[in-house]
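Here is a short briefing to read with the model open beside you. Take a look at the structure, then follow the points below by topic.

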Amino acid sequence: MSGHSKWATIKHKKGALDAKRGQKFTKLIKEISVAAKMGGGDPDSNARLRTAILKARAENMPKDNIDRAIKKGTGEMGATSFFELTYEGYAPGGVAIIVDTLTDNKNRTAADVRSTLSKLGGSLGSTGCVSYMFQTKGVITYDASKYSEEEIFDAALENGAEDVSTEDGIIEVTTTPADFAQVLEAMQKAGFEQDSADINKIADQTVVLDNEKANKVLKIVERLEELDDVQQVSTNMELPDDFVEE
């Protein structure tokens, strides 16, 4: 898990300075709408919708935005059809990369992902070329200066989490995707305020890069995440201990 923890730390640091909350909301709204369209607008009977709503609340999305997104999905406010597409490929240094998208235009998304990868030294691969290297996990992070690992560990494990680890000032709780919502809600009720909460693809084994290649991969990830249709980017990159962001 160490490679993921270091990458989560980089994302966390970037997030603290990130002004792209509007773009994050747009992606979450899509996720909520698709979940509502597929399984109905009641989060109690639609686990995917419940999870999407919890992720939106973790980002402090206003309730009105969430309600509108649900109504869009159920067709009460006019419906848009989104397709879930996943692209797999490679970044510099042989790093595996997975790009999860939600789009209303498959051709546009495919062209944007391919172009972004190729311009920055990556390449698109075939379906299944790297996904076998990853597991899907719920990941909830906490500030280690606010809570001890022991108190998070006790509460998380008691409520169904798989593992708890600490690195670079961040306590990371991992869950199965099915238990993510239950664990997050239980931790919130116990008074623990998370820094982030998401369902991520975690690499079974990581690739350690030198500083130059690590920065190239980070640039690819950032550019992909800036695309409107991209929901999530996952890699098996591990940053070097002496990593310096360029």
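A residue counts as buried when its relative accessible area is under 20%, as exposed when that value is over 50%, and as partly exposed in between (1.4 Å probe, protein chains only). By that definition Pro92 is buried, with a relative accessible area of 13%.

This is a predicted model, so to speak of local features a pLDDT of at least 70 is needed, side-chain atom pairs count only at pLDDT 80 or more, and totals for chains, interfaces and linings use all residues. Residues are numbered from 1 along each chain as its sequence is written, and side-chain values use heavy atoms, with hydrogens and water left out.

**Confidence**
- The protein averages a pLDDT of 88, and 91% of the residues score at least 70; pLDDT is the predictor's confidence in each residue, from 0 to 100.
- Among the elements, helix α5 has the highest mean pLDDT (96), and helix α1 (residues 2–17) has the lowest (48). Helices (H or I, at least four residues) and strands (E, at least two) are DSSP runs, numbered from the N terminus.

**The sheet and its helices**
- Four strands form an open sheet in the order β3-β1-β2-β9, with antiparallel pairing; two strands pair if DSSP finds at least two bridges between them.
- β3 (123–124) and β9 (230–235) stand at the edges with a single partner strand each, so one side of each has no neighbour in the sheet.
- Strand β2 (residues 95–103) pairs with β9 over five bridges in the antiparallel sense, and Val99 has Val233 in β9 as its bridge partner.
- Helix α5 (residues 106–119) packs on the sheet, where it touches β1 (83–91), β2 and β3, and its direction makes about 15 degrees with that of β1. Contact means heavy atoms within 4.5 Å, while axes are lines fitted to C-alpha atoms (for helices, over the stretch in contact) and angles run from 0 to 180 degrees between N-to-C directions.
- Helix α8 (residues 211–226) lies across β1, β2 and β9, at about 165 degrees to β9.

- Pro92 is found in the loop between β1 and β2. Leaving aside neighbours within four places in sequence, its contacts include Leu120, Leu209, Val217 and Ile220.
- Lys137 is found in strand β4 (residues 134–143) and is buried, with a relative accessible area of 16%.
- The side chain of Lys137 makes a polar contact with the side chain of Glu162 (2.7 Å). A polar contact is a pair of N or O atoms within 3.5 Å; within protein, one must be able to donate a hydrogen and the other to accept it, and residues adjacent in sequence count only if both atoms are side-chain atoms.

**Salt bridges**
- The structure holds 12 salt bridges, each a side-chain nitrogen of Lys or Arg within 4 Å of a carboxyl oxygen of Asp or Glu.
- Glu31 and Lys55 meet through their side chains in one of them (2.6 Å, N to O). This pair links distant parts of the chain, with Glu31 in helix α2 (residues 21–39) and Lys55 in helix α3 (residues 47–58), 24 residues apart.
- Glu31 is buried at 17% relative accessibility, and Lys55 is buried at 8%.
- Asp100 forms a salt bridge with Lys201, with the closest N and O atoms 2.7 Å apart. Here Asp100 in strand β2 and Lys201 in strand β7 (residues 196–203) are 101 residues apart.
- Lys30, Asp104, Arg108 and Asp229 are linked in a network of salt bridges.
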